[in-house]
Each structure stands twice: as structure tokens, then as C-alpha cells.
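Biologist: I would like to go through this model with you, one feature at a time. Please give the cut-offs as the terms come up.

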Amino acid sequence: MDDGVREKGGGSGDGGESGVGGITAISIRTYVTAFVVLVALMVAAFIVTRVLPAGEFSRTLVDGVEVIVPGSFQGTTGDLPFWKWLLSPLLILGGPNNVMLIFLLVFLFVIGGAFYALESCGVLSFLITSIAKRFERNNRLLLFILPLVFMLLGTLIGSFEEVIPLAAIVVALALRLGWDRFQGLGMSILAVGCGFAVGVMNPFTTGIAQTIAGLPIFSGAWLRIVCFVLVYALLMGFLLLNARRCERAGKASGFGIKASTRSAATEPAANPSQTDAPATTFPAADNPATNPRMPKALKAFVIVFVIGIAAIIACSVIPLSGLADLVFPVCALTFLLCGIIAPLLCGCGGKQLVLWFLNGMKTIAPGALLVLMASSISYMLTEGRVLDTIIYYTYNFLGDKPGWLTILGIYLLVMLLEFAIPSGSAKAFLLIPLLAPLVDLIDIPRQLLVLSYIFGDGFTNVLYPTNPALLIALSLGGLSYGQWIKRSWPFFVGLLILTAIILLVALAIGYQ
């Protein structure tokens, strides 16, 4: 096993700086759980290619975009030999979406190196301590504000992958405030996923789907705003319950909110085996508070970070061709500059900075394999020519069903396809042209079709292990996929019930 993969609370890969790089280190439990789940899904995908007959729809170009031609499905030959299945995590690099995948991998390594350097020089510790002190007596205000901000980022500009690095910071902040790692991930990655799914003005799901369906872009926003309020209320209820559980556990162990501003590196945990113990959050290094250069370094970090976020938002909302493709590079460049400028201003030398970046990349490297494995599911179903078969059978099944069952079936179909096609825009181009004529025949508004699509696409981003962004966020947060599901399933059940009710009510009122 790579030295970068280690148990939380153990030594670092090089054995010299105990715990440095803790935010980006992937624990053995986290890694093994995700690996086993992904292997099982890969095996299931291989079996599906052997069981289902191969087939495909004809495609045509509409305004430069490839869409399905309804009624054009026909059988074809398709084969996924065992060697292709075995090498699919590598063969995907030569697939049609390889550029985005390579960008994601580069992004992952940049984040690993930058965060290792920011942790090692003490800037992150100084930042988290400053925020924790400010909200020490009013941590509930922070609990309400942070998820709202992340949900707004997801619902207004379609941010998701871009906020992964912020999840690591929020996890560290949650630990400092006496909560746990799950709380930090819930306040960040779960919140942005919920906002992305509601899609009030999400250009990547709502905007594209409405355009393909022939609807005015961002029309029908009133109901999505209502959905945003309801989902936010559900999320906050869930996070408040978890916060109280953490605080009760902290008081019982003698390590509660009042202790949060003390040095986390030297504070003893009540239970050494507890993976969320604040004692392992910020490793021992030079005390940032005694470094006279630290305020200047933190100021530079904040300035670069704010400029980068502004640039990311601009790339997302300015309607210029090709500008949206710069979101990932700009995000990676932002954290690269933060990881270089702040440590240098803290007083570290260039050689030390290079070593920190290399150690950070080594620490995060095992996550790259998980990303490739998750991305290979789509490759296997496409190579086996069974993806269109799944769509065809579902389409035929829904054709003669009542409206309420059809709309829930579309919701389910999109959720199932998320396993194979994590890209929201790709699913829109695949499904909307096929399903729009179907809903017209049974008098279901196309606006409701779009709503069921964005629900099915968005919420699964923070549920399925085939989404590389979720795996990266969990790895950075120090939580295994199994732990994530064990802790979050009640919320997802409530969310499924809530969104199903919303769809049925929208159908009843003729939502347009």
C-alpha cells in the first residue's frame, strides 16, 4: 500500500512530520471501502454487458449538438472482452471524455500539493483558528450560513467539483468547533449537491435541459425557489441534529465547544480510537500564532482565493463560447497560487515548498485510481453497447403508464443512469429529446420533465460512489464511503420522499 494511504492519527508517509497533510491524506479504511464498492460496480457493469442485448439509437445534430432520434433504436453488435474490462480504468483515458478526466486528475494532484503546503506552513491552521474564535460563542450562526452559501453556489452557478477543496477547510473548521468530519462534509459538499440538484439557475442542468426541451431558459423558477427553501430546511434540520449529537458527545467526554480554540495538535481526545477526534486534525508544526509573517501570508491567501472564486463565477455566468471550459483550470490555478504564495510569505524556502508539494501529491495519489475506476463504468456500458438498450426498455415501459407513474419513473431512470453517466449535460442531451415526445403524448408539461431530470441528476452526485467528485471530497474529509452512507441515509430517504411529493404536486397543478 502506498505510504500516502494511512490510518488517521498515524504517522505521515515519510515518517518525519506526524500528521502533516492530514486534510488531504486518504485513510486506509476510506480507500479500501471505496475500492471494494467500485470493484463490485465494475463487475456488475461487466455482467450487464453480458446479459442485455446490444443496441443503439441513431443520433443527429441539432444546432451543433448530438441528440437521439426517437424510434430509431435497433439491435447491433457489441462486445466488452475481459481484457478491456480489466484495463477499463486506463482505457478511459483514451475515451471521448478523456480531456475532462485528465483535467480532473491534474486538479486532484494540484489540490493535494497545495493543501499539504498550506497545512505544513501553518496558514490553514491560522485561518481555521481565527474563524473558530470568531464564531466560538455563536457557532449556530455559522452552521446556518455555510450550508446556505454552498447551496447558493450550486443552485445559481452550477458549482460542484470546484468547491471540493473548500470541503476540506470546512471539515477542519467543524472539528475545531467541536463537531465531526461528517458535519463538515454535510455543511459543504452535501449542501452544494443539494443546491446543484434544485437548480434554480443552474446553467449546466436546468439551462441545458430547458433549451433542449424548447422552454425559455430558467423559466418556471418560482417552484424551484420553493424547492430550494424546502430542501434547505430539511438539510438544516438534519445538520442541527448531528451538531447536537456531537456536542452531547463532546460534553460527555470533556472535549466540547469551549475547548475548540486550544491547540488541536496537543489536546488529548477522549477516545483515542475515535476517527473524528480533534487531536488529529492539525498536526504539530511551528505555532502559527507566533510567526510574525503569518497575518501577511493569510491576507495574501484570502486575496488570491477571492480573486480566483470571482474568476470561476465569471467563467460560469458570462455567456461567451468556451469560457465555461476554463472553470477547472482557473480553479486549479487559484489553489496552486495559494499553495505557493502563502507558504513563501510565511518564510519557507523554495526547496522546502517543492518537497511539500511532492509529498502532498504522493499523499493524494491513491485517489487518482478511484477516480479512474469510477469513470470506467460509463466506458464499459458504452463499449458493450447496452446503455441505449437500458434507455430503450425504460422508454417502452413508461409509454403506456399513468402520468404520476411516468414522472416518478423518469425520476428513477435519471437516477439509475447517473451510475453510468455522471455528467448532467450529457444525460440531458441523451434523455430530453427522447422523453419530450413521450410526456407530450400523456399530457405531462415539459417543465415537469425538466424538474424530474434535474432532481434525478443532482442529488445522486452526493450519493453514488461512481461520482469522482464525491470520492475526492470524502477522501479529503477523512470519511469512508461506507461511513458517509451510514450517516447520511436518513437524509437521502427524507429527500427522496420530499422530491417525489414535489413532483406529484407539480403534476397535479399543471406546473409550467
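**Salt bridges, aromatic pairs and a surface patch**

Modeller: The structure holds 8 salt bridges, each being a side-chain nitrogen of Lys or Arg within 4 Å of a carboxyl oxygen of Asp or Glu. This is a predicted model, in which local features need pLDDT of at least 70 and side-chain atom pairs count only at pLDDT 80 or more, while totals for chains, interfaces and linings use all residues. Residues are numbered from 1 along each chain as its sequence is written, and side-chain values use heavy atoms, with hydrogens and water left out.

Biologist: How many helices and strands does the protein chain have?

Modeller: Helices (H or I, at least four residues) and strands (E, at least two) are DSSP runs, numbered from the N terminus. For the protein chain, the secondary structure comes to 18 helices and 4 strands.

Biologist: What share of the 512 residues is buried?

Modeller: Buried means under 20% relative accessible area, exposed over 50%, and partly exposed in between, with a 1.4 Å probe and protein chains only. Of the 512 residues in the protein chain, the buried share is 55%.

Biologist: How many residues apart in sequence are the parts that R385 and E56 tie together?

Modeller: The side chains of R385 and E56 meet in a salt bridge at 3.9 Å, N to O. R385 lies in the loop between α12 (350-383) and α13 (387-398), and E56 lies in strand β1 (residues 55-56), so the pair ties together parts whose separation in sequence is 329 residues.

Biologist: Which helices does the salt bridge of D457 and K427 tie together?

Modeller: D457 and K427 meet through their side chains at 2.6 Å, N to O. D457 lies in residues 446-458 and K427 in residues 424-441, so the pair, 30 residues apart in sequence, ties together α16 and α15.

Biologist: Are D457 and K427 buried or exposed?

Modeller: The burial cut-off is under 20% relative accessible area. Both D457 and K427 are buried.

Biologist: Which residue does R446 meet in a salt bridge?

Modeller: R446 is partly exposed, at 26% relative accessibility. The side chains meet at 2.6 Å, N to O, and the partner of R446 is D440.

Biologist: What is the geometry of the aromatic pair of F491 and F492?

Modeller: Rings of Phe, Tyr and Trp (its six-membered ring) pair if their centres lie within 6.5 Å; planes under 30 degrees apart count as stacked, over 60 as edge-to-face and the rest as tilted. The structure holds 18 aromatic pairs. F491 and F492 lie 5.8 Å apart, centre to centre, with 65° between the planes, and the pair is edge-to-face.

Biologist: Which element gives the most to the nonpolar patch?

Modeller: Patches are made of residues with over 30% relative accessible area and no salt bridge: like charges are joined within 9 Å, nonpolar side chains (Val, Leu, Ile, Met, Phe, Trp, Tyr) within 5 Å. The nonpolar patch covers about 860 Å², and its residues include W222, V226, W489 and I497. α9 (221-253) and α18 (481-509) give two or more residues to the patch. With 6 residues, the element that gives the most is α18.

Methods: Areas by Shrake-Rupley, 256 points an atom, 1.4 Å probe, with all protein chains shown as cover.
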